[in-house]
Each structure stands twice: as C-alpha cells, then as structure tokens.
Amino acid sequence: MRRGMTTVMDSIKECVGKALEKVSIVDVHTHLFNSSFGELLLWGIDELLTYHYLVAEVMRYTDISYDRFWSMSKKEQAEFVWDELFVKRVPISEAARGVVSVLSAFGLDLSSKSLDTYRDYFSRYSVDEYVDTVLEMAHIDYLVMTNDPFDEKERVVWDGSYVEDRRFRPALRLDQLLNGWLNNWFTLKSWGYNVGEVIDSDTLKEIKRFLRDWIKRMSPVYMAVSLPPSFELSYKDPASIIIQEAVLPVAEEFNLPFAMMVGVKKLSNPMLRLAGDSVGKANIGVIEYLCRSYPHNKFFVLMLSKENQHELIVMARKFRNLHIFGCWWFLNNPSIVREITSERLDMLGFSFTFQHSDARVLDQLIYKWRHSKDVILPLLIERYSAIIRSGWHLSEVEIEKGVNALFGGEFQSFLDRRF
Ligand code: FIX
Ligand code: ZN
C-alpha cells in the first residue's frame, strides 16, 4: 500500500471493508443451542420480536398490566411488540433496528409491515436449514453456548439426545452452583455428590468432582458465571469460596478460562421477568486480586457497567492472564461500542475480543454482527490511516490479520496459552 496518500486512504477503506466482510467469526458468548437441544434453540420472527430487550422497550409505551402482557401467547406478544414499536413508531432503538436488519437481510418487503408475510417466509425453513443459512449469512466459524447442568430441560439433552455440532461449542455455566449454593447444594447431593450445606474440604472435593465430570462430558470452551455488582471475595460467601477453592483449581488443571460476567443486578423490576435485570458498578479490585493471586489461571472477563470499562481495560494491561471481551447487553449500542472499542484499541492493540452477540434467538446473529461491523469499520480505518501517517508500511495481509485477531483469533491464542 505504498501508493500516493489519497489512494492509500481509499485502499485502506476498501481493505478494511473486505477484511470485515470475509472474517470468519468466533462468537464467544451466546444463549443459542444446536438443534439437538430442540425447543431450547429459539429462531424466527416471533422469537425475534419477543426478545427481552424489546419486551422492556414495549412496556414503556403502554399501561396494560404486566400480567396481561405475560398472559398473551408468544404470537400475541409478538403482534403487540410489532404494532407498538414497528407500526406506530419508527424502530430506531438498537434492538428494534436489529429486527429490521434481519428482515432486510432476507430481502423481505418492509414496506408491507405484514407480520404474517414474514411468518410465512420463515415457516418454509426446517430448523437445520435455517441454522445453516443464518450461520453462513453471519459468517460464524463457531459460537459458544451457555450450558447449565442445573437446567432440567437442558440436562435431559445432555443425558441422552445431545449431538455434537462443532459450530456450537459448550460453556459450563455455574450461576446455580455459585450464586445459588444454599438452594442447590441438595440437588448436587441428589446427583450422588456427597456435599453438605457447609462448604468444608469434603464438600469442596465433591464440587471439584462435579466440575470434572461436566468438563469431561461437555468439553467446554470455558467455565462461566454471572456475578452481581456487589460481589466481593469473602470467606463467608459460598460463591467466593467455591470459586477460589474449587473452580479455579479445576480450571487450571484443564487449562480452561474462567469467564466472569460482572455487574448484573438481577430482577430490578421482577414484573419484567428476564427483561427485568439491570446494572451496577462493580469492584474492579476483585478482578485485580484474582488475576494477581492466581497467575496460572486464565480470566475471561466482561463487565456490564459503563463506569467499569476504563479500569477494566487498564487492568487488562496489567495482567496477561486477563482477556476482556465484548460490549455486553446495555453496552451493545453503537454509541458505547464505539467508545469502548476505541479505548481498547488505543490501550490493548489487538489483545482483546472486540465483540460477542449474546444472541438468544438464532436470527440475531445476522444483525448483531452486521451492526458491530458497521461500528468498528471507521475505527479501524482511522487507526490504520494513523499508523500510515506515522510512517508504517501496511500490507493488506496485516489488515486481515488484525481483523481476525479481534473477531476470535486472539481469543483462540488465549485459549492455547498456559501461564
Ligand atoms: O448472564 C448472561 O449471560 C446475560 O447475558 C443474560 O442473562 C442476559 O439476559 C442477556 O441475554 C443479555 O444480553
Ligand atoms: Zn449472556
């Protein structure tokens, strides 16, 4: 790219655009399932419209009771959302625009605003055809599921009908074990693990056996937990004890990252159910202490509060066993993705994972990645232009390599490292 500066800038735009179009994406955190999990895999227009982000948004425009909304069928809820957010108003919020992006990607006529026409279109696909189509359209190499052994519907699949699909990799989710110990220790006992409510050395030994059993069964990419903003390390807190005395030792044994998703205030508004969670600033000192005290463990972290982002990026500079990822949930809006990603590029170069989808509905992969690429395109053009202005000689291959790193390549390297 050694031509005159103007053509160089034009060719950077073209090269970055091409690299973003062709990159094969690793989606490091989703709530999707492969088709062997049956109805747990959500897809299609009615699931798109009843995504909990849109439920929270639609309830702001109405005074119907929450019970009245929840008493509607999925189809009626979808029609209610469609009418309020797409017929009566322009769908300009990120989650609403996402539905528009999906419908456009399939070339559907949006001027008709006919929900039944869209339903009819999607009804022509079998689930496996639709999985292939969506993963192809979104350029997904593989995605990581969220797998909870305590979820009855899911455990049945693991006990029998699970069929591996390399495009859907498991993650062992530990919220019920860690945050729900007092309610769930007896379930663990009923499964044959000789645990007691008091977390003594014998119970810790059995918790480790449970973890090893599920790691051998699932071959997870990582173990994960979502933690409240109030989470602190304390030998009075079951989650804190089990993390330090069981999860981290077993994670190190299998060289698995421990994913900590920090800052979710569960059920701020319980009437909204899954849509009722909110956010709080967490104590970055917890991440700092764990990364420093467990140098042979790998920590895969995202935080939900915008106020935590700067200090998390600085912490990632201090600890190579900390890999930060994604613009999570309330952060996954262009204005904030732009700000967070700019600072990460400035301070971490390529040593982070730009984004994840957190998709709950298969079709969302199409819009979440399209929208994210639209945000990062100008940021990368600006940085590559700046490095050329500073005198660097840049090749097309180097641009592609950088994009690959940010879309899962550096994550894969982090998985392979043993500290
Ligand atoms: O804990 C999590 O994995 C969160 O991402 C979810 O609980 C949340 O509902 C979500 O899907 C956010 O995007
Ligand atoms: Zn999630």
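Select Asn321 and Cys291: the Asn321 side chain reaches the backbone oxygen of Cys291 at 3.2 Å. That is a polar contact, meaning a pair of N or O atoms within 3.5 Å; within protein, one must be able to donate a hydrogen and the other to accept it, and residues adjacent in sequence count only if both atoms are side-chain atoms.

This is a predicted model, in which local features need pLDDT of at least 70 and side-chain atom pairs count only at pLDDT 80 or more, while totals for chains, interfaces and linings use all residues. Residues are numbered from 1 along each chain as its sequence is written, chains are lettered from A and ligands numbered from 1 in the order in which they are written, and side-chain values use heavy atoms, with hydrogens and water left out.

**Stop 1: around Asn321**

Stay on Asn321. It sits in the loop between helix H15 (309–318) and strand E10 (322–324). Helices (H or I, at least four residues) and strands (E, at least two) are DSSP runs, numbered from the N terminus. Asn321 is buried, at 4% relative accessible area. Buried means under 20% relative accessible area, exposed over 50%, and partly exposed in between (1.4 Å probe, protein chains only).

Now show its surroundings. Beyond neighbours within four places in sequence, Asn321 is in contact with residues including Tyr294, Asn297, Phe414 and Phe419. Contact means heavy atoms within 4.5 Å.

**Stop 2: the zinc ion**

Select ligand 2, the zinc ion. Which residues are its protein donors? They are His29 (NE2), His31 (NE2) and Asp358 (OD), at 2.0 to 2.1 Å. Donors are N, O and S atoms within 2.8 Å of the metal (3.2 Å for Na, K and Ca); water is not among the atoms, so sites may look incomplete. The spacing of the donor residues in sequence is H-x1-H-x326-D. His31 lies in the loop between E1 and helix H2 (45–49), and Asp358 in the loop between helix H16 (334–348) and H17, so this pair ties together parts 327 residues apart in sequence. His31 and Asp358 are both buried.

**Stop 3: Asn34**

Move to Asn34, in the loop between E1 and H2. Buried or exposed? Asn34 counts as buried, at 1% relative accessibility. Its side chain makes a 2.6 Å polar contact with that of Ser36. Setting aside neighbours within four places in sequence, Asn34 is in contact with Leu41, Met145, Tyr162, Val163, Glu164, Asp165 and Phe168.

**Stop 4**

Switch to cartoon. Three strands form an open, parallel sheet in the order E1-E2-E3. Two strands pair if DSSP finds at least two bridges between them. Strands E1 (25–27) and E3 (168–169) stand at the edges with a single partner strand each, so one side of each has no neighbour in the sheet. Strand E2 (residues 140–144) pairs with E3 over 2 bridges. Highlight Val144, which stands opposite Arg169 in E3.

Next, select helix H17 (residues 364–389), which lies across E1 and E2 and runs at about 115° to E1. Helix H18 (residues 396–416) also packs on the sheet, touching E1 and E2, with its direction at about 65° to that of E1. Axes are lines fitted to C-alpha atoms, for helices over the stretch in contact, and angles run from 0 to 180 degrees between N-to-C directions.

**Stop 5: the nonpolar core**

The largest nonpolar core has 153 residues; Leu177, Leu211, Met223, Leu322 and Leu365 touch the most other members. H17 supplies the largest share of this core, 11 residues. Such a core is a set of buried Ala, Val, Leu, Ile, Met, Phe, Trp, Tyr and Cys residues joined through side-chain atoms within 4.5 Å. Center on Leu211. Residues up to four places away in sequence aside, it touches Leu172, Leu174, Leu177, Met223, Ala246, Val247 and Val250.

**Stop 6: strand E6**

Select residues 257–262, strand E6: 6 of the 6 are buried, so the strand is largely enclosed by the rest of the structure. Pro257, Ala259 and Met261 point one way; Phe258, Met260 and Val262 point the other. Strand E5 (residues 223–227) pairs with E6 in the parallel sense over 5 bridges. Val225 has Met260 in E6 as its bridge partner.

**Stop 7: two positive phi values**

Most residues other than glycine have a negative phi. Select Leu267: its phi is positive, about 50°. Leu267 lies in the loop between strand E7 (264–265) and strand E8 (278–279), and is partly exposed at 44% relative accessible area. Finish at Trp329, with a positive phi of about 60°. Trp329 is in the loop between E10 and H16, and is buried at 13%.
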